Amino acid sequence: MLDQAFEALKTYQWGVDPKAIKPIQDAVVATHGDSAARGKLESRLAAVLNTDVPRAAKDTVCRALKTIGTSGSVPALAKLLHDEQLSHMARHALQTIDAPEAAKALVAAIDKAPKKIKIGIISSLGARGNDVPVAPLAKALSDKDAEISTAGALALGALGSADAVKALGSAKVNDTNRIAVCDAMLQCAESMLAHGKKSEAKVIYTKVLKSGPTKTAKIAADLGITASS
Amino acid sequence: MKTTRRKFLSTTGTAAAALGFPAIIPSSALGNADRPAPSNRIVMGGIGIGNMGRGDHGAFLGKKDVQYVAICDVRKGAMNQGKAKTDAKYGNKDCKAHDDYREILSRDDIDAVHIATPDHWHAQMIIEACRHGKDVFCQKPESLTLGEGSLMVETARRYGRVVSGGSQRVLQDYKSTALRCWNGSYGKISSINVNVGPMSQPCNLPQENLPGDMNWEMWLGPAPWAPYNSKRCSGSFSTSGNSWRSYIDYSGGGMTDWGAHHFGGATFTVDVRDLQPQEAVLGEIDGKKFVSLKYPNGMEITHNKPGVGHFHVGRDNVQREGKEFPKYAGSGGITGDFIDCVKTRGRPFRDIEYAINTMAVPHLATIAYKLNRSLKWDAAKQEFIGDAEANRLRNRARREPWQI
């Protein structure tokens with residue numbers, strides 16, 4: 001059944017009944033706890049990404065690798081990051097693969113990525129959180145393109161670290177990114193509060209209260225000051 | 001993967017209530033007895049005006065203390081109908097029609113929005129609306145994934161926004177049962193079973209010609225790209241392949257669609273709306289799988305447990321004491337509740353945190369079914385304990401350029 005499903009991937013266009021490839025998803029579940037079988041399945045899936053199977057087939061493979069992918073799948077997925085059609089589904093897997101290689105692949109793809117794809121990659125780095133360096137996100141924050149800058153801000157907010165705060169503090173704010181930069185600051189303050197760093201959080205809230213771009217931001221800062229007192 | 005800041009949320013939630021956050025309605029402007037003055041009305045816009053959105057539009061448009069000024073839909077037909085309906089109500093041409101919700105959120109004159117898009121848009125729109133200072137009424141199911149649920153709650157609390165979910169059935173359909181449970185008529189409830197489904201399925205429908213009045217990129221939004229197909233985006237209530245409610249990228253299927261009502265009724269009836277389950281235990285009876293969601297206070301909600309009725313009732317007839325039975329604020333059902341809370345900065349009956357706690361039930365059960373194993377859930381950290389694969393299923397990457 002599994003062999004037939006992999007065979008079906010070769011012609012898996014939009015419109016083909018998904019039942020044809022269901023054994024792949026069944027194998028994802030069935031191989032849990034069997035590292036040899038899981039490794040073999042992952043290798044087969046990653047290999048498909050290096051072929052010219054239809055887009056819908058590669059989408060399917062990325063969905064499976066989201067659950068079972070390891071560092072072994074990262075090179076095949078990383079090759080798709082600059083592909084306008086497949087970048088999102090590659091991130092679908094890379095965003096959740098808990099191997100440092102996945103974060104490195106995302107970071108490495110930023111600079112040469114076209115704008116829209118770059119925003120997606122930055123967003124995925126923010127969603128990963130823990131193992132992501134601040135520097136590439138800070139660079140995005142300082143990008144002249146306001147939408148890339150917005151993406152960098154939100155990703156830094158998701159990180160919520162002291163270094164993220166430092167980067168956000170030096171952001172050039174404009175009409176397009178101001179709400180995101182402010183929200184990112186507030187997210188960082190919340191992260192600090194959650195870690196018991198009330199005084200550090202209060203500094204951020206006070207800054208937002210003083211210079212927040214909107215009434216809404218000042219309300220949030222006011223709430224935060226109360227929470228951090 | 002990062003965790004959430006829910007510990008903080010409990011703090012800010014309290015702080016927000018204690019502060020009695022500023023009502024956005026100017027109190028200086030007094031209206032007449034029949035209808036508040038324009039300056040004292042809630043200025044609203046609607047996003048997603050087909051099907052459920054049409055009903056919500058009508059409900060809010062009919063309220064004397066609402067001034068409806070903007071419509072957004074990615075289908076021009078629905079958008080134009082919504083504008084025409086609004087303009088006819090007021091006898092003018094003032095309602096603005098948009099096919100990009102961000103134009104509504106960026107308007108400073110709008111206080112609140114109602115959202116009735118497919119589920120894959122809910123988190124994106126709620127979070128952005130809160131950042132822009134809007135209060136939000138959003139149709140159920142409020143979340144598509146576990147991860148976006150906690151982000152929605154965090155953002156609503158961060159900005160002190162009133163965010164209400166949209167299951168009118170929780171109080172409408174289950175009130176009498178819940179009341180009997182709350183007053184002890186059934187004795188001590190130990191377990192409640194919910195029969196609902198099915199789960200959503202992968203979608204690989206073929207490409208069809210795109211209708212001229214449809215903005216397909218905006219319909220898809222943060223969901224994976226797929227070719228247009230009328231069944232893929234139909235707003236019908238089918239969960240068996242004829243609507244977006246059938247498919248994984250846009251919905252949890254009947255499990256979350258009707259589940260938002262039924263699990264909402266269950267969590268309300270047994271009074272666990274403040275909690276999330278700590279375990280999703282996969283069981284099997286006579287070859288039929290079911291999931292038992294176990295709460296830290298000992299309560300259990302089962303899903304599709306074969307051979308049982310809807311309630312397990314203990315023998316000890318314990319009276320609940322000192323807790324008022326919840327009801328809608330204001331008048332006019334759940335939409336009236338929302339409007340009243342916007343004015344008073346109160347907590348709606350289906351406050352976003354209650355809604356997200358409710359939606360955690362079908363989301364947890366779905367992941368247990370999909371992985372075919374029992375799971376332990378740390379609600380404070382919003383992560384599965386000792387199951388990295390399950391943790392990967394909490395979130396989905398958003399299609400560029402969408403991000404929250």
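Glu190(A) pairs with Arg158(B) in a salt bridge, with the closest N and O atoms 2.5 Å apart. (A salt bridge here is a side-chain nitrogen of Lys or Arg within 4 Å of a carboxyl oxygen of Asp or Glu.) Since Glu190(A) sits in helix H12 of chain A and Arg158(B) in helix H6 of chain B, the pair joins two chains. Helices (H or I, at least four residues) and strands (E, at least two) are DSSP runs, numbered from the N terminus. This is a predicted model, in which local features need pLDDT of at least 70 and side-chain atom pairs count only at pLDDT 80 or more, while totals for chains, interfaces and linings use all residues. As for bookkeeping, residues are numbered from 1 along each chain as its sequence is written, chains are lettered from A and ligands numbered from 1 in the order in which they are written, and side-chain values use heavy atoms, with hydrogens and water left out.

Arg158(B) also forms a salt bridge with Asp183(A), and here the closest N and O atoms are 3.0 Å apart. That pair joins two chains too, because Arg158(B) is in H6 (residues 146-158) of chain B and Asp183(A) in H12 (residues 178-194) of chain A. Are these residues buried or exposed? Arg158(B) is buried at 5% relative accessibility, and Asp183(A) is buried at 0%. Glu190(A) is buried as well. Buried means under 20% relative accessible area, exposed over 50%, and partly exposed in between (1.4 Å probe, protein chains only).

## Other charged pairs

Over all chains, the structure holds 34 salt bridges. One of them ties Arg245(B) to Asp257(B), with 3.2 Å between the closest N and O atoms. This pair links distant parts of the chain, twelve residues apart: Arg245(B) is in the loop between helix H9 (230-233) and helix H10 (254-269) of chain B, and Asp257(B) is in H10 itself. Arg245(B) and Asp257(B) are both buried. There is also a network, in which salt bridges that share partners join Arg38(A), Arg373(B), Asp387(B) and Glu389(B).

## The second largest pocket

The second largest pocket has a volume of about 970 Å³. For the method: on a 1 Å grid over the protein atoms alone, a pocket is an open set of points where a 1.4 Å probe fits, with protein on both sides within 12 Å along at least five of seven lines, and lining residues have an atom within 4 Å of a point. Grid points are joined across faces, edges and corners, and the volume is the space filled by probe spheres set on the points.

Which of the 31 lining residues are closest to the centre of this pocket? They are Ile179(A), Leu105(B), Ser106(B), Glu128(B) and His132(B). Helices H10 (146-159), H12 and H14 (215-228) of chain A, plus H4 (101-105) and H5 (122-131) of chain B, each supply at least two residues of the lining. By type, the lining divides into eleven nonpolar, nine polar and eleven charged residues. (Ala, Val, Leu, Ile, Met, Phe, Trp, Tyr, Cys and Pro count as nonpolar, Asp, Glu, Lys and Arg as charged, and the others, Gly among them, as polar.)

## Two buried strands of chain B

Strand E4 (residues 112-115) of chain B points Ala112(B) and His114(B) one way and Val113(B) and Ile115(B) the other, all of them buried. Strand E1 (residues 42-47) of chain B runs parallel to E4(B), joined by four bridges, and Gly45(B) stands opposite Val113(B). (Two strands pair if DSSP finds at least two bridges between them.) Strand E5 (residues 135-138) of chain B also pairs with E4(B) in the parallel sense over four bridges, with Ala112(B) opposite Asp135(B).

Strand E10 (residues 300-303) of chain B is covered on both faces, with Glu300(B) and Thr302(B) buried on one side and Ile301(B) and His303(B) on the other. Four bridges join E10(B) to the parallel strand E7 (residues 189-194) of chain B, where Val194(B) stands opposite His303(B). Strand E9 (residues 288-294) of chain B pairs with E10(B) in the antiparallel sense over four bridges, and Ser292(B) has Thr302(B) as its bridge partner. E9(B) and E10(B) form a hairpin with five residues between them, and Gly298(B) in the turn has a positive phi of about 95°.
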